[in-house]
Amino acid sequence: MFKPVTIKDIAKALNLSTSTVSRALRGGYEISEETKQLVLNYAEKINFKRNPIALSLKERRSYSIGIVVCEVANVFFSQAIDGIESVAYKRGYHVIISQSHDRYEREVTNIEHLANRSVDGIIISLAAETKNYEHIERLNAQGLPIVFFDRILESMETHKVTSDNRQGAFEATEYLIKRGCKRIAHVANAEQLSITAQRKIGYEDALKKYGIPVNPDLITYCEHGGREQDEVEQAVATLLAMPEKPDAFFVASDRLSMGCLSALKKYGAENILVSGFSNSDVVELFEPSISCVRQPAFEMGRIATEMLISLIEAKYPVDEYETRILGTEFKPIGT
């Protein structure tokens with residue numbers, strides 16, 4: 001049966017007290033540098049790892065961070081998770097990842113499970129179906145540190161990091177206008193999401209700048225966030241059935257972009273220009289091709305983790321919070 005090395009074993013081997021070894025491993029100032037180095041070198045030699053359960057009981061921390069995203073397979077979220085892990089593991093935290101699949105019930109279950117697992121904090125991007133935030137607000141009020149990224153809850157006082165959705169949407173729509181398009185349809189995510197509102201404003205900003213009236217009939221929402229392809233196909237079919245059909249599409253999320261391209265091909269509308277949010281390189285292989293707004297997903301994940309750890313490790317109550325808005329990059333077709 002496997003028996004891990006303990007602090008007592010190190011103390012016995014080096015003829016030191018267990019308290020001295022424990023302080024040396026923690027980097028205690030009361031231990032000489034020579035003794036610290038002796039203990040650390042020996043611990044590395046025997047591949048010693050501190051018992052996480054004992055450590056968490058002693059310090060009242062699990063040294064784990066919960067992550068809730070809609071879908072790991074989504075390129076944007078996988079890149080954000082890479083950013084989260086790049087910070088978390090260096091700071092001594094493990095990461096527990098869960099997926100909501102854009103369902104409200106799954107998001108509630110995941111968050112409650114993470115809280116019951118005694119994670120030290122949670123980083124979350126809201127599900128498309130979430131309209132009731134009580135499950136998040138309650139845990140935050142009880143003292144669980146929570147940080148939002150991408151799809152944020154603006155009403156909650158905590159740290160948040162997102163991208164400049166308004167500017168990204170403006171550039172994507174402006175590109176279509178400069179290509180001669182005047183009836184630009186907008187396929188949007190769930191209406192209540194923060195990113196949906198900002199991207200719609202950016203779309204409208206571009207139309208107004210070039211004197212094109214905003215037509216509400218050209219704007220459609222996918223309340224399931226593209227999780228159900230039938231919903232996306234129905235939205236595209238309805239737009240294409242208009243007496244004056246759209247001559248371009250601005251699509252407001254990664255999953256919706258993929259679904260929209262598939263629907264346009266299904267209905268034989270490959271000649272229609274498409275511009276939208278996507279961090280995937282695969283879209284370049286699709287016909288019709290798509291001009292993309294790319295978000296700094298890795299950086300968003302990195303910053304969100306730094307923010308969360310600052311809340312977890314704060315010695316005093318935090319009452320000032322920051323919302324970081326990062327720039328996006330627009331990539332026209334063929335670049």
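Strand 10 is largely enclosed by the rest of the structure, because 5 of its 5 residues are buried. The model is predicted.

- Strand 6 (residues 184-188) runs parallel to strand 8 (residues 248-251), and 4 bridges join them.
- Across this pairing, Ala185 stands opposite Phe249 in strand 8.

- A right-handed β-α-β unit is made by strand 8, helix 11 (residues 254-266) and strand 9.
- Strand 9 (residues 273-277) is mostly covered, with 5 of its 5 residues buried.

**Strand 10 and its two partners**

- Strand 9 and strand 10 (residues 290-294) run parallel and are joined by 4 bridges.
- Phe277 stands opposite Val293 in strand 10.
- Strand 10 and strand 12 run antiparallel, with 3 bridges between them. Arg294 has Glu329 in strand 12 as its bridge partner.
- In a regular strand, side chains alternate between the two faces of the sheet.
- In strand 10, Ile290, Cys292 and Arg294 point one way. Ser291 and Val293 point the other way, and all are buried.

**Helix 5 against helix 12**

- Two packed helices are described by the angle between their axes and the distance between the axes.
- The axes of helix 5 (residues 75-88) and helix 12 (residues 297-312) come within 7 Å and cross at roughly 40°. That angle makes helix 5 oblique to helix 12.
- The crossing of helix 5 past helix 12 is right-handed.
- On the helix 5 side, the residues in the contact include Phe76, Gln79, Ala80, Gly83, Ile84 and Val87. On the helix 12 side they include Phe298, Met300, Gly301, Arg302, Thr305 and Ile309.

**Gly83, in the helix pair**

- Gly83 lies in helix 5. Gly83 counts as buried because its relative accessibility is 0%.
- Not counting residues up to four places away in sequence, Gly83 touches Phe298, Gly301, Arg302 and Thr305.
- Gly83 and Ile303 are 220 residues apart along the chain, yet their C-alpha atoms are separated by 8.0 Å.

**Ala252, in a loop**

- Ala252 is found in the loop between strand 8 and helix 11. Ala252 is buried, with a relative accessible area of 2%.
- Leaving aside neighbours within four places in sequence, Ala252 is in contact with His186, Val187, Ala188, Asn189, Arg199 and Phe277.
- Phe277, one of those contacts, is the residue that stands opposite Val293 in strand 10.
- Ala252 and Ala269 are 17 residues apart in sequence and 19 Å apart in space, C-alpha to C-alpha.

**Thr173, in helix 8**

- Thr173 lies in helix 8 (residues 165-178). With a relative accessible area of 0%, Thr173 is buried.
- Leaving aside neighbours within four places in sequence, Thr173 is in contact with Ile184, Tyr203, Ala206, Leu207 and Phe250.

Terms used
Residues are numbered from 1 along each chain as its sequence is written. This is a predicted model: local features need pLDDT of at least 70, side-chain atom pairs count only at pLDDT 80 or more; totals for chains, interfaces and linings use all residues. Side-chain values use heavy atoms; hydrogens and water are left out. Two strands pair if DSSP finds at least two bridges between them. Helices (H or I, at least four residues) and strands (E, at least two) are DSSP runs, numbered from the N terminus. Buried means under 20% relative accessible area, exposed over 50%, partly exposed in between (1.4 Å probe, protein chains only). A crossover is right-handed if, with the strands pointing away from the viewer, the path from the first strand over the helix to the second runs clockwise. Axes are lines fitted to C-alpha atoms, for helices over the stretch in contact, and angles run from 0 to 180 degrees between N-to-C directions. Angles under 35 degrees count as roughly parallel, over 145 as roughly antiparallel, 65 to 115 as roughly perpendicular and the rest as oblique. A crossing is left-handed if the near helix is turned anticlockwise from the far one by less than a right angle, and right-handed if clockwise. Contact means heavy atoms within 4.5 Å.
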